[in-house]
Amino acid sequence: MFITFEGIEGCGKTTQLEMLRDHLEWKGKRCVVVREPGGTELGERIRNILLVMEDDTEGIEPWAELFLYSASRVQLVKNIIKPALEEGKVVLCDRFTDSTITYQGYGRGLDIDAIRCINRYSTFGIRPDVTILIDCPVETGLKRAWRRIKNSEGSPEDRFERETVRFHEQVRRGYLELAQKEPERIKLVDGTREISVIHREICDIIDKVI
Ligand code: Z5A
């Protein structure tokens, strides 16, 4: 089973993914947790370029950005996700192809059909069985992200945390449109509630599918 978590910055994906992993392991499932970009040696190096990039004076062109995310995904799918699924493990992935459609498509304005086509190649056709989309207003997500940065010494904001509110609004709109188009796969969860309440809803969704 392949489960992905999606949503705007600070929506609470990582928190909920870890809680779901604990729940599934408690039920005896073998889980593998990965994140995008990253999860492999090459992927982590690409993550550093994409998110940290302290000397960002040149900027990263949107198409270059798209191909870097895709390169990281190829390594992750081939080396980690595909083998784990073949061994019968549950793979929990923090962001996947929907992020590319919403961030590079809706956010940066790249052609969405082209992105879908590149996504098919970079995933070798592997698609999530279920996607948990945690939705919250942009201000809520950004406030949480900023609070987290303030509380963790030495971790500077990344390139996306420097983006405008308008950019994040477009990304959110993209997610909501995707959820409308694919309600079977994408489960929309209200992320404005208490962490434990959201966790219970996600467990119910996944327990039904599993
Ligand atoms: N990206 C892309 O452009 N194209 C692609 O194809 C892919 C990705 C795959 C990865 O950043 C960036 O790459 C991402 C999109 C882009 N950037 N953005 N935006 P990342 O992995 O470093 O960051 P992130 O994915 O955005 O996650 P995040 O900032 O770590 O947020 P989160 O995982 O959604 O939230 P969290 O870490 O679980 O929670 C954030 C804080 O809020 C934390 O202190 C929690 O304790 C708190 N929290 C969580 N839930 C709640 C609730 N319910 N109430 C109150 N407080 C809460």
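**Rings, ligand and loops**

Analyst: Let's begin with a cluster in which ring pairs link Y103, F160 and F167. This is a predicted model, where local features need pLDDT of at least 70, side-chain atom pairs count only at pLDDT 80 or more, and totals for chains, interfaces and linings use all residues. Residues are numbered from 1 along each chain as its sequence is written, and side-chain values use heavy atoms, with hydrogens and water left out.

User: Nice. How many aromatic pairs does a search of the whole structure find?
Analyst: The search finds 5 aromatic pairs. Rings of Phe, Tyr and Trp (its six-membered ring) pair if their centres lie within 6.5 Å; planes under 30 degrees apart count as stacked, over 60 as edge-to-face and the rest as tilted. One of the pairs is F2 with F96: the ring centres are 5.0 Å apart and the planes stand at 85 degrees, so this pair is edge-to-face.

User: Where do F2 and F96 lie?
Analyst: F2 lies in strand β1 (residues 2–6) and F96 in the loop between β3 (90–94) and α4 (97–107), so the pair ties together parts that are 94 residues apart in sequence. Helices (H or I, at least four residues) and strands (E, at least two) are DSSP runs, numbered from the N terminus.

User: Are F2 and F96 buried or exposed?
Analyst: Both F2 and F96 are buried. Buried means under 20% relative accessible area, exposed over 50%, and partly exposed in between (1.4 Å probe, protein chains only).

User: And what about the rings of F160 and F167?
Analyst: Their centres are 6.1 Å apart with the planes at 35 degrees, so the F160 and F167 pair is tilted. F160 counts as buried at 6% relative accessibility, and F167 counts as buried at 5%.

User: Switching to the ligand: how many residues surround it, and which are the closest?
Analyst: There are 26 residues around the ligand, and the closest are E9, T14, T15, R95 and R148. A residue is near a molecule or strand if one of its heavy atoms lies within 4 Å of it.

User: What about R73, where does a polar side-chain atom of it lie?
Analyst: A polar side-chain atom of R73 is 3.3 Å from an oxygen atom of the ligand. A ligand oxygen atom also has a backbone N or O atom of G10 at 3.2 Å, while a polar side-chain atom of Y103 lies 3.1 Å from a nitrogen atom of the ligand. A polar contact is a pair of N or O atoms within 3.5 Å; within protein, one must be able to donate a hydrogen and the other to accept it, and residues adjacent in sequence count only if both atoms are side-chain atoms.

User: How much of the ligand does the protein bury?
Analyst: Taken alone the ligand exposes 1100 Å², and the protein buries 85% of that. Accessible areas come from the Shrake-Rupley method with a 1.4 Å probe; for residues, only the protein chains shown count as cover.

User: R95 was on that list. Where is R95 in the fold?
Analyst: R95 is in the loop between β3 and α4. This residue has a positive phi of about 75 degrees although it is not a glycine, and R95 is buried, with a relative accessible area of 15%.

User: Which other residue has a positive phi without being a glycine?
Analyst: F124 has one, with phi near 55 degrees. F124 sits in the loop between α5 (112–122) and β4 (130–135) and counts as partly exposed at 40% relative accessibility.

User: Which residues does a cis peptide bond join?
Analyst: A cis peptide bond joins E36 and P37, with omega about -10 degrees. P37 is in the loop between β2 (31–35) and α2 (41–52).

User: Last one: how many disulfides does the structure hold?
Analyst: The structure holds 0 disulfides, a disulfide being a pair of cysteine sulfur atoms within 2.5 Å. For C93, the nearest cysteine sulfur is that of C31, 13 Å away. C93 counts as buried at 0% relative accessibility, whereas C117 is partly exposed at 31%.
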